[in-house]
Amino acid sequence: MAPDEARRRLSTAAAVLTVLLPLGCIALAYMADRRLAEVGRPDLQQMGGAGVAFLGAIVSASLVAAFLLIRRPGHPIGWCFAGLAAAVSLPAATQGYGLLGLVADPSGSHPGAAAAAVIASSMFVWWFVAIGLICLLTPTGRYLSTRWAWCGRLLWGSGGVWFVTIVLMPVNFEAPLDAVQNPWGVAGLESIGPLRTLAAVLNNLLALAAFASLVVRYRRAVGEERRQLLWLGVLVIPVPVLAAVTFGAARTGNDAVLNLAAAGLVCVFPIGVGLAVAKTRLYDVDRILSRAVSYLLLSAVLAGTYAGTVLLVGQGFGGARDGSTISVALATLAVAVLAKPAHRSLQDAVDKRFSRRRYDALQVVRAHVVAPDPSTSVEQVLRDALHAPELSVSYWVQERAAWVTGDGRPAPTAAYAL
């Protein structure tokens, strides 16, 4: 069997497993939750409430992993996401079972509950490792340099030390298993606590450095690689909104909104990386990015204008009758008047930053529209705007059933139709 065919089959098998393993873990988690309710401990259920975000992370990571393993079988990011999906899925299945056998029903009828608790309490280490490696290797699958390669190796090494010290330290678990001691703990290893702390701190710092590597890579990238990285920018734009919604929902106690916003936060990163690595051709990605940023800024400006107008006008009318109606009406009018010019200004500012070529082209065209030069043809304006001296414009004449140039002669080609 050819190496490429063997690799393709291995990746396909891994993709199927990456989908089936999370599905099985989710099913086991729900079965454990059902059993916890039956024994009178619904407070220990894992898949309700904040579990929505957990579930979102599992589904997002596993689907992106399967997609990349099939679409780009030789790319390491697919394997990294497969590892992340496994690291997130296994605690979902084992946490509930451990709680059931060690807390809710400690009768000894649930073999392996202690081992399940160990897995649930330690697998989070590999989340940091997998996410860090994904950042270091996106989108090319190669490290930026030898130094960044050492960052990846140290990420692996510190993660391994952190994981082993968690598994082997003879201490109690964290709440709600704080009354249960680690059954895999080795007596006499209490002194490795500082090593565990050092490995954890180093691993977290390396994970932050891995995030920073995306910025460094973008600044160095040119051409297609830079456009690939822009997909991360498109998907990151909703993050501030989702973070604000999450914070507001947490402060007000709105669990439904909190869970949905948190799920959105953990889902956008895998989707952005998947689009970047797969080189999805939906593009103009820079135009998508500039539009998303401008509409986000516009929404913030209009919301601030509306709220400020309502507040100021409401204070001006004091407690007058119909004051609230007048303030709402004036705020709506202010937003309607401001919307179009604000959008134009914001779009120009964003295009100047994210889509400079388009911005410069539009400036040339707008200048001609505002002050047309009779000696300059539309064709020449477009050539200047697009920096394409060979560009030609032809027009379809229905009566002649032919393409013609601006002076009416037959056109050899029809690159652009107006």
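User: Which residues have the most contacts inside the largest nonpolar core?
Analyst: Leu68, Ile77, Phe81, Leu84, Ile134 and Val273 do, in a core of 38 residues. A nonpolar core here is a set of buried Ala, Val, Leu, Ile, Met, Phe, Trp, Tyr and Cys residues joined through side-chain atoms within 4.5 Å. Buried means under 20% relative accessible area, exposed means over 50%, and partly exposed is in between, with a 1.4 Å probe and protein chains only. This is a predicted model, in which local features need pLDDT of at least 70 and side-chain atom pairs count only at pLDDT 80 or more, while totals for chains, interfaces and linings use all residues. Residues are numbered from 1 along each chain as its sequence is written, and side-chain values use heavy atoms, with hydrogens and water left out.

User: Back to the core: which helices each supply at least two of its residues?
Analyst: The core draws at least two residues from each of H1 (3–38), H2 (51–71), H3 (76–104), H5 (125–137), H6 (146–168), H7 (193–220), H8 (223–236) and H10 (255–278). Helices (H or I, at least four residues) and strands (E, at least two) are DSSP runs, numbered from the N terminus.

User: What does isoleucine 134 touch?
Analyst: Ile77, Cys80, Phe81, Leu84, Phe269 and Val273, leaving out residues up to four places away in sequence. Contact means heavy atoms within 4.5 Å.

User: And H5, which residues there are buried?
Analyst: Val125, Val129, Ala130, Gly132, Leu133, Ile134, Cys135, Leu136 and Leu137 are buried in H5.

User: What span should H5 have?
Analyst: The 13 residues of H5 should span 18 Å at 1.5 Å a residue, and the end C-alpha atoms are 19 Å apart, which agrees. The expected span is 1.5 Å times one less than the number of residues in the helix.

User: New topic. How many salt bridges are there?
Analyst: The count comes to 2. A salt bridge is a side-chain nitrogen of Lys or Arg within 4 Å of a carboxyl oxygen of Asp or Glu. Side chains of opposite charge can pair when their charged atoms come close.

User: Which residue pairs with arginine 34?
Analyst: Glutamate 38, with the closest N and O atoms 3.8 Å apart. Both residues sit in helix H1, 4 residues apart, about one turn of the helix.

User: And what about arginine 35?
Analyst: Arginine 35 also meets glutamate 38 in a salt bridge, at 3.2 Å from N to O. These two lie in H1 as well, 3 residues apart, again about one turn. Through shared partners, Arg34, Arg35 and Glu38 are joined into one network.

User: Is glutamate 38 buried or exposed?
Analyst: Glutamate 38 is exposed, at 52% relative accessible area. Arginine 34 is exposed at 61%, and arginine 35 is partly exposed at 32%.

User: Which residues form the nonpolar surface patch?
Analyst: Val201, Leu205, Leu208 and Phe211 form one, with about 390 Å² of accessible area together. Patches are made of residues with over 30% relative accessible area and no salt bridge; like charges are joined within 9 Å, and nonpolar side chains (Val, Leu, Ile, Met, Phe, Trp, Tyr) within 5 Å. Accessible areas come from the Shrake-Rupley method with a 1.4 Å probe, and for residues only the protein chains shown count as cover.

User: Where is phenylalanine 211?
Analyst: Phenylalanine 211 is in helix H7 and is partly exposed at 41% relative accessibility. Buried residues of H7 include Leu206, Ala207, Ala210 and Leu214.

User: Now leucine 302. Where does that one lie?
Analyst: Leucine 302 lies in helix H11, residues 285–317, and is buried at 17% relative accessible area. Leaving aside neighbours within four places in sequence, leucine 302 is in contact with Val335, Leu338 and Ala339. The C-alpha atoms of leucine 302 and valine 335 are separated by 5.8 Å, though the two are 33 residues apart along the chain.

User: Last one. How many helices and strands are in the protein?
Analyst: There are 14 helices and 3 strands. Of the 418 residues, 37% count as buried.
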